[in-house]
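Here's a quick tour of a protein model, with a focus on one helix and a few aromatic rings. Have a look at the structure first.

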Amino acid sequence: MKKECIAMLLAGGQGSRLYVLTGEMAKPAVAFGGKYRIIDFPLSNCTNSGIDTVGVLTQYRPLELNSYIGSGVPWDLDNSTGGVHILPPYMGSKGGTWYKGTANAIYQNMGFIDLYDPDYVVVLSGDHIYKMDYSRMVERHKAAGAACTISVMEVPWEEASRFGIMSVDENDLITEFAEKPKEPKSNLASMGIYVFSWQTLRKYLTEDEADPNSENDFGKNVIPAMLGNGEVMAAYRFSGYWKDVGTLESLWDANMDMLSPESGLDLLDESWPIYARSVNAPPAFLGARSRVCHSAFNRGSNIEGVVENSVLSPQVSIGEGARVSYSVLLPGAVVEPGAVVEYAILGENCRIGRNCRVGGTPENTAPAPWGLTVLAPGCVLEEGQTVAPGIMLDRDGKEVSRK
């Protein structure tokens with residue numbers, strides 16, 4: 001069972017900033033890019049990087065995610081000597097709790113990690129869209145003789161205070177770490193992707209768990225403790241596409257990036273495929289009067305209207321005379337004839353009645369940041385209803401405020 005390296009994928013977040021989209025599922029299970037779900041990206045990165053043992057730590061609303069991952073077949077993670085394992089919180093002989101923080105989540109699963117006696121553990125987040133070769137990061141970790149290596153990327157200086165910020169020396173070894181500093185000394189931001197030497201991390205996790213004042217978090221507690229004790233901490237610079245899709249606007253942005261060749265999010269790259277569980281549905285159908293421009297659509301879709309600059313998930317229906325533009329439609333959404341949808345995200349199995357109008361162009365936006373309109377999964381609009389730009393509706397069609 002000995003493995004040089006295994007991955008632990010933190011996928012239990014509620015995703016509260018996605019509001020109604022994560023009311024009934026964990027954020028990593030949210031559909032993305034028409035064909036995918038968010039968790040497909042870190043799972044595919046593991047497979048492409050040669051990591052064949054992955055623990056997926058679930059907690060909030062795990063049913064959809066557990067069902068989607070299954071035995072790991074789509075990502076070639078169904079092998080008998082490793083594979084993908086769902087790891088929810090559990091009750092042991094000494095009791096048990098929900099995962100209290102990122103570090104505590106790994107602590108509670110030390111027994112699983114010890115089964116494979118790895119030299120290195122890669123700790124990942126389940127809510128980022130990116131393509132990364134983790135094996136290169138592990139090589140950097142080895143070459144530096146590090147206890148911990150943190151993937152970093154340069155961010156605009158004006159955004160640096162939103163991230164954990166690293167200061168490094170001439171060898172890119174970390175000399176200082178600040179969690180969301182008001183006056184950042186650097187613009188090297190942590191991506192929340194770590195490589196640890198397992199035995200060293202094991203010691204720090206045990207000490208952190210014994211500290212009653214700790215928040216049991218990597219960024220707030222474990223990493224500062226390691227740095228304070230003089231452990232070798234290396235930075236691994238990443239320059240490719242990466243986006244934390246933790247907000248409605250960033251989720252919409254990333255979907256639009258998929259349509260832009262200049263964005264860096266290339267999903268046609270055969271050398272680094274993103275795998276996903278396929279939907280059992282017939283081919284997409286385009287009606288005689290349909291028009292699809294600069295958009296992505298998928299299996300089971302029935303398009304009779306006009307679709308522009310939009311991303312359509314499987315089994316979406318667009319009626320005759322309907323128009324969808326600059327929008328993201330999640331699986332099973334229906335736009336009936338004559339309806340107009342602009343700058344919106346429609347949750348799974350939404351139904352937009354005939355001649356409804358949902359959203360509008362950014363120039364018409366007073367109610368919310370630049371006017372993205374969002375409807376919860378299962379929301380139904382009756383014929384002729386209007387939903388103004390920037391409004392968010394729950395499953396029952398009631399307006400939800402953005403805090």
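Why is helix 1 largely enclosed by the rest of the structure? Seven of its nine residues (40-48) are buried, so the rest of the structure largely encloses helix 1. This is a predicted model, where local features need pLDDT of at least 70 and side-chain atom pairs count only at pLDDT 80 or more, while totals for chains, interfaces and linings use all residues. Residues are numbered from 1 along each chain as its sequence is written, and side-chain values use heavy atoms, leaving out hydrogens and water.

**Helix 1**
- The buried residues here (buried is under 20% relative accessible area, exposed over 50%, partly exposed in between, with a 1.4 Å probe and protein chains only) include Phe-41, Leu-43 and Cys-46.
- Helices are DSSP runs of H or I with at least four residues, numbered from the N terminus.
- Just after helix 1, Gly-50 has a positive phi of about 85°.

**Aromatic pairs**
- You'll find ten aromatic pairs in the structure; rings of Phe, Tyr and Trp (its six-membered ring) pair if their centres lie within 6.5 Å, with planes under 30 degrees apart counting as stacked, over 60 as edge-to-face and the rest as tilted.
- Tyr-68 and Trp-75 are edge-to-face, because their ring centres are 5.7 Å apart and their planes sit at 65°.
- Both Tyr-68 and Trp-75 are buried.
- Phe-112 and Tyr-116 also form an edge-to-face pair, at 5.4 Å centre to centre and 65° between the planes.
- These two, Phe-112 and Tyr-116, sit four residues apart in helix 4 (residues 110-116), about one turn of the helix.
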